[in-house]
Amino acid sequence: MSPAPLTPTASELRELALTEAEYRRALDLLGRAPNRLELGMLGALWSEHCSYKTSRPLLSRLGSTGPQVVVGPGENAGVVDLGGDLLCCFKIESHNHPSAIEPVQGAATGVGGILRDVFAMGARPVAILDALRFGDLGDASQRHRFAKVVEGVGFYGNCVGVPTVGGETYFDPAYAGNCLVNAMCVGLARRDQLLHAVARGVGNPVLLVGADTGRDGIHGATFASVQLDEQAEGRRPAVQVGNPFLEKCLLEACLELAGHPAVIGLQDCGAAGLTSSCAEMAQRGGVGIALDLDKVARRESGMTPYEVMLSESQERMVLVVERGRESEVRAVFDRWELRSDVIGKVIADPELRLSSAGEEVARLPLEVLVDGFMPRHPPRSRPAEVAARLEADPLALEPRWPLEESWLRLLASPNCGDTAWIYRQYDHQVGDDTVAGPGGDAAVLRLRGRPDGLALTVDGAHRSAVLDPRRGTQLAVAEALRNLACAGAEPLALTNCLNFGDPDQEEVMWQLDEAVAGLAEAARELGVPVVSGNVSLYNDLSGAGIPPTPVVGMVGRVEQVRRSPGAAFSRSGDLVYLLGPEGAELGGSELQRLAQGEVLGPPPALDLGLELRVARAVAAAVGGAIARSAHDSSLGGRAVTLAESCVAGGLGAEVELPSPGPGSPRGWWWGVLFGETSGRYLLSVDPGSEAELVGICRREGAPHRLVGTVGGEAISIRGVVSIPLAAAAAARAGSLEGPMAAALT
Amino acid sequence: MGLRCGIAVFPGTWSERDCAHAVELAGGEPVMLWHAERDLKGSDLVILPGGFAHGDYLRAGAIARFAPLMAAVEGHAAAGGPVLGICNGFQILCEAGLLPGALLRNSCLQFRCQSTHLRVETDASPFLSGLGVGRVLEIPISHGEGRYYAPPEQLAQLEAAGRVALRYCGPGGELGDAHNPNGSLHHIAGVLNAAGNVLGMMPHPERACEPLLGSADGLPLFQAALRQLARA
């Protein structure tokens with residue numbers, strides 16, 4: 001075999017994200033020294049990004065079964081049954097590292113990648129959601145990054161013609177060095193069109209379709225598996241460049257072929273390019289693949305086999321087709337003016353065998369390439385200062401601002417305010433199915449020809465995860481559930497993206513371990529299976545890691561789709577009901593972060609059993625059109641929830657909250673108004689429907705209390721604090737528009 | 001069997017299915033027309049839908065105008081057949097010379113997807129007949145390049161000939177920069193050819209055909225054209 005084996009230096013191994021121990025393991029498993037190409041392939045597939053070698057041992061704890069689950073984790077995306085012959089296919093994925101280096105293309109190709117994961121399953125993408133994190137908007141470089149990431153998400157989604165229907169964006173100085181860009185895609189497939197990423201049938205041809213292969217994105221997978229550093233800018237060649245027009249054609253061609261009897265398997269070329277797509281397809285089918293690299297269409301001349309195999313050029317798919325029927329399949333790609341080439345064939349030996357210029361240039365058994373990585377169990381420990389932070393009593397602190405000022409500052413925070421600046425740059429309507437778009441609690445899509453629909457949401461909870469990663473992750477799941485409930489939906493399943501720092505730090509590994517445990521527990525208690533997910537580690541610029549940031553995407557089913565006011569109060573005189581637990585607390589709250597610059601004390605309280613009971617009551621009240629509005633309480637607590645419902649409807653409200661008892665701490669009212677206890681909602685109801693609402697709450701065992709009435713020009717907590725409706729509206733409207741308008745001038 | 005509404009599909013078109021749905025709601029029969037074929041398949045009406053035909057490379061619509069299908073569309077238009085260009089379809093009609101003017105980058109330099117109000121300026125088109133001049137429609141936009149531009153003399157001629165079909169306005173029909181989402185000259189959202197049978201508009205009427213999706217104000221455009229064809 002040529003070229004000859006090599007003995008790599010320590011720095012060469014580092015470039016491939018391989019340790020010396022891993023290199024020795026490769027020698028042991030192969031019984032020989034790998035050549036440079038083989039070593040590059042091993043480096044890519046053994047990277048954290050591809051192998052999940054650090055997180056995989058933890059992820060087995062996640063429950064992924066249920067009667068509705070058709071495909072769980074391990075394929076391109078999870079699939080749930082919507083009844084009839086319709087399936088829903090979805091996944092969330094991160095593109096954090098590329099977006100930090102080149103925000104437009106990094107974000108755009110993040111969207112492109114998750115779209116391919118969904119249409120690789122034979123599903124038509126019908127919705128995109130994004131979860132974004134940046135540093136403080138006061139910093140010009142952060143505003144730039146934010147604006148460019150939004151531009152990138154919009155650029156790709158708008159051009160492909162898939163609506164971006166929801167998302168969440170959060171600004172915190174802790175993300176200044178490492179922005180987070182998570183994109184979720186939801187697709188629909190007919191049952192008989194579901195495709196799998198598998199190679200079968202010895203002798204069947206392997207096709208590469210779509211874009212030509214270039215030098216872009218080489219080492220993208222390994223790049224995503226190491227810390228960013230000050231030299232990261234120099235890694236820009238590791239960021240791919242997206243072509244959404246090509247993707248749109250590829251999408252249409254692949255969907256035309258979904259259900260075609262000649263198509264055996266379809267897989268997108270994502271991280272580690274041809275190496276991972278071919279290795280994974282062959283591994284799933286218990287076969288091997290032989291590739292003739294000279295058959296791979298290239299964007300530029302002089303590319304080596306190494307570059308061809310590790311290129312992460314976008315908009316490419318690998319197909320395995322029944323022998324003799326290549327021309328039927330290629331005709332579809334021809335019609336869409338897409339290049340398709342037979343680049344290899346399925347072989348019986350379970351290995352990846354590569355040739356170029358008539359010579360074998362690499363030969364790796366799949367059990368080595370795919371399964372030979374060394375599972376890592378880095379030490380983990382809970383740092384002492386984490387425990388110390390939990391000891392603090394936030395309510396005992398002197399509040400920094402009076403109640404009124406605290407309230408208005410929260411409303412003006414870009415984390416609580418109006419997000420129209422973002423979503424008006426996203427086409428959120430194409431497809432003609434968006435019943436409720438971005439800006440509300442959950443997006444709602446109708447399903448054509450059926451009374452029911454989908455509710456979609458994506459949520460994270462890093463402030464509480466800093467204090468307690470387990471609880472924080474559960475809070476993210478709970479918030480997703482609440483958002484679905486506000487749309488009248490029952491959850492079907494969830495996908496997750498775990499964004500963490502450097503797992504070689506004991507604290508980070510502990511955070512990850514705790515977060516996965518929390519996710520598993522919340523998913524089990526709330527009855528929501530985890531059908532897909534992604535782990536993004538090493539979000540750590542020069543040792544300054546991000547807060548643990550679990551992000552949860554949840555899909556639910558709305559039994560009867562109708563147009564509803566969502567969070568907005570819609571009529572004066574309607575009654576305002578508070579559902580869920582009472583109590584005062586401030587730990588891990590947005591107010592605390594704003595006022596103190598850090599979070600302290602116990603994270604928001606969460607009772608998963610109660611969470612589920614209240615969510616069921618809210619879903620029933622909204623689904624049955626008994627509630628006229630529903631809005632869950634999360635960021636900023638009850639007072640912000642109330643103000644949001646008022647501003648959305650252009651109506652004031654007066655509510656009464658229980659007075660403090662004797663000996664209540666100094667910050668008690670702040671804790672009542674701005675505490676972020678989980679499981680709370682504000683509903684408005686016509687006085688004539690009050691009895692029905694109360695009946696539902698009693699039936700479901702949901703705590704409920706009449707707290708006030710809709711109407712007037714003020715938003716007021718009786719006897720405590722009041723703000724003019726117009727002031728609240730102005731604060732919310734300017735929260736993103738203000739800083740971003742200033743940035744443009 | 002309803003009247004046949006041909007819907008052009010270029011590589012990169014994405015609102016062909018939305019348009020087909022709107023046509024069905026209006027009682028027509030949608031039929032997809034492939035860009036590479038010079039065949040309208042017996043269409044009574046032709047729609048050029050939204051999207052990014054040929055990736056909008058070079059300029060929006062600049063490549064699509066050379067598609068074999070466009071020759072057939074030009075023939076259909078010349079014979080007085082109704083043609084509706086929506087968003088990217090409007091851009092293609094301008095590039096093809098079937099409509100005057102051009103669509104430039106939004107003045108805000110960003111993509112905009114939002115609800116807009118449109119004032120109906122004339123009823124001298126199959127798509128607008130019977131809607132009522134002065135009527136305000138709520139129809140969303142979704143574009144990055146929708147700023148209508150024509151040289152001053154051409155603009156004056158268009159205005160004098162009553163060929164401005166739709167203008168961006170406020171909910172009460174009032175005109176003003178605050179209601180103009182992209183900086184279009186004279187707040188123009190849609191224009192007609194001289195005969196009135198070709199309408200180009202940036203907003204998406206096919207997205208506003210059902211109250212469930214927020215507005216049904218786009219449906220009358222499809223219905224009006226089909227009604228007139230049925231009478232002919």
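**A walk through chain B**

Chain B is built from five helices and 11 strands, counted as DSSP runs (H or I, at least four residues, for helices; E, at least two, for strands) and numbered from the N terminus. Keep in mind that this is a predicted model, where local features need pLDDT of at least 70 and side-chain atom pairs count only at pLDDT 80 or more. Residues are numbered from 1 along each chain as its sequence is written, and chains are lettered from A in the order in which they are written.

Let's start with the overall build. A compact globule of 232 residues would have a radius of gyration near 17 Å, and chain B agrees with that at 16 Å (taken over C-alpha atoms; the rule is 2.2 Å times the number of residues to the power 0.38). Its C-alpha trace spans about 45 × 35 × 35 Å along the principal axes. Of the 232 residues, 62% count as buried, meaning under 20% relative accessible area with a 1.4 Å probe, protein chains only.

Now zoom in on helix H2, residues 68–78 of chain B. Buried here are B:Leu69, B:Met70, B:Ala72, B:Val73, B:His76 and B:Ala77. Looking down the axis of H2(B), they fall within an arc of 155 degrees, so they line one face of the helix; the arc is that of the directions from the axis to the C-beta atoms.

Just past the end of H2(B), B:Gly80 takes a positive phi of about 90 degrees.

Terms used. Side-chain values use heavy atoms; hydrogens and water are left out. Buried means under 20% relative accessible area, exposed over 50%, partly exposed in between (1.4 Å probe, protein chains only).
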